[in-house]
Every structure is written in C-alpha cells, then in structure tokens.
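Visitor: Please pick a single part of this model and look at it closely. Then say how the rest is arranged.

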Amino acid sequence: MIYPLLLTLHLFAALVFIGTVFFEVLFLESIRRQLPAKVMVLLEQGISGRARQLMPWVLLVLFGAGGGMVWMRYWPVLIAPWQSSFGLLLGLKILLAGSVLGHFLWAMWLFRRGRMNARYVQVIHTRVFLHLVAIVLLAKGMFYINW
Ligand code: HEM
C-alpha cells in the first residue's frame, strides 16, 4: 500500500512543479509583451513570492517520494545502470532531476542576494523547462523502451 501512495504523491508533486514551470514559460513569457512593464514586475513578484513559499514543499514531496520508490523497488537496477535499459533511463531521469534541484537552489540563492534579474529568470525557466520535458519522456520511456 505504501508504494502506490508514494507514486501518487510523486505524480501530484510533479504535476504542480511541471504545471508551474510550463505556465511560466508558455504563458508568462508571451503575456510580457502585452502588459505594461510595471504591471509585469508586480505580477512576477507575486508569482515568485508564492513559488518560493510553495515550491520547497513540492520539491520535498517530489524528491522524498521518488527516493522512497527507489529505496522500495528500484535500487538494484540503479546500482547497475549499464545492465538494463530501465536502470539507465531511470538513472538519467534522476540525474536530470538533480540538475533541476541545482537550478532551483541557484534561483533561491540569486533571490537572497538580490541578484535575480530578467535575464537569469529567462535562462533558468528555459533550462528547467527543457529538463522537465526530458524527465517526463524518460519517466514514461523507461517502461516502454527496451534494448
Ligand atoms: C524534477 C523532478 C522529477 C519529476 C518532474 C519527476 C516526474 C516523474 C513522472 C511524471 C513520473 C511518471 C509517473 C507515472 O506516470 O506514474 C515519474 C516516475 C518515477 N520517478 Fe520521478 N520525477 C522527478 C524526480 C525523481 C527523483 C529525484 C526520483 C528518485 C530519487 C524519482 C523516481 C521515480 C521513479 C522510481 C518513478 C517510477 C515509478 C513507478 O511507476 O513505479 N523521480 N517521475
């Protein structure tokens, strides 16, 4: 019963995280051209303030549940990633997830230092967006791609 619970938590946390990043990249970036700069600054301040409150918890659940699933079921394939396509794809997915976490910590650090600017926002959003596309493809691909 614990494994399905972890998987459901993982899926919900992934939904919130991926949904937020996709919204920021696919909606916010195009809305930017239609709104006055001052309104956009206020909007971004509101969104990033909320994201900084919520996302640490979402990431805790995402990584906690992911780690729990690996511990319960997948660590034998992960310690020998070259021996199965599943292990390799899961390993790659976890590496990319680690890089997403790195980007998140980098963004928090930039905010704390008051060094976050529009250029960093765009670079971090785009890179995390591409990471997430690859993570979702790997998360589903590891069950269907075999060699
Ligand atoms: C940015 C971080 C992550 C995202 C967006 C993400 C997303 C996903 C998604 C969408 C699935 C497919 C779930 C399904 O369709 O049922 C999945 C499965 C999985 N994830 Fe993650 N994940 C992330 C991080 C991690 C981490 C850090 C771990 C392990 C340490 C992990 C371990 C797993 C495992 C083991 C599965 C397969 C579960 C199963 O079906 O048995 N994930 N992940």
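**A close look at one residue and its setting**

Guide: I79 counts as exposed because its relative accessibility is 64%; the cut-offs are under 20% for buried, over 50% for exposed and partly exposed in between, with a 1.4 Å probe and protein chains only. This is a predicted model, in which local features need pLDDT of at least 70, side-chain atom pairs count only at pLDDT 80 or more, and totals for chains, interfaces and linings use all residues. Residues are numbered from 1 along each chain as its sequence is written, and side-chain values use heavy atoms, without hydrogens or water.

I79 sits in the loop that joins α2 to α3 (85–112). Together with I2, W71, M72 and W75, I79 makes up a nonpolar patch on the surface. The accessible area of these five residues together is about 650 Å². Patch members have over 30% relative accessible area and no salt bridge, with nonpolar side chains joined within 5 Å and like charges within 9 Å. The helix α2 is the main contributor to the nonpolar patch, giving three residues.

The helix α2 also gives the most to the shell around the ligand, with seven residues. In total, 23 residues surround the ligand, each with a heavy atom within 4 Å of it. The closest are Y3, H10, Y74, K93 and K140. By type, the shell holds 18 nonpolar residues, three polar ones and two charged ones.

In Y3, a polar side-chain atom is 2.4 Å from an oxygen atom of the ligand. In K93, an N or O atom of the side chain is 2.5 Å from a nitrogen atom of the ligand. In K140, an N or O atom of the side chain lies 2.6 Å from an oxygen atom of the ligand.

Next comes the loop between α1 (2–31) and α2 (37–78), where Q34 is found. Q34 counts as exposed because its relative accessibility is 63%. E44 is in helix α2, and the pair, twelve residues apart, links distant parts of the chain. A salt bridge here is a side-chain nitrogen of Lys or Arg within 4 Å of a carboxyl oxygen of Asp or Glu. R32 meets E29 in a salt bridge too, at 3.2 Å from N to O. The structure holds two salt bridges, and E29, R32 and E44 are linked in a network of them. E29 counts as buried because its relative accessibility is 16%. R32 is partly exposed at 29%, and E44 is partly exposed at 23%.

As for the whole chain, it has four helices and zero strands. Helices are DSSP runs (H or I) of at least four residues, and strands (E) of at least two. The C-alpha atoms fill a box of roughly 55 × 30 × 25 Å along the principal axes. Of the 147 residues in the chain, 35% are buried.

Note on methods: Areas by Shrake-Rupley, 256 points an atom, 1.4 Å probe, with all protein chains shown as cover. Polar contact = N/O pair within 3.5 Å; in protein donor to acceptor, adjacent residues only side chain to side chain. Nonpolar A, V, L, I, M, F, W, Y, C, P; charged D, E, K, R; others polar.
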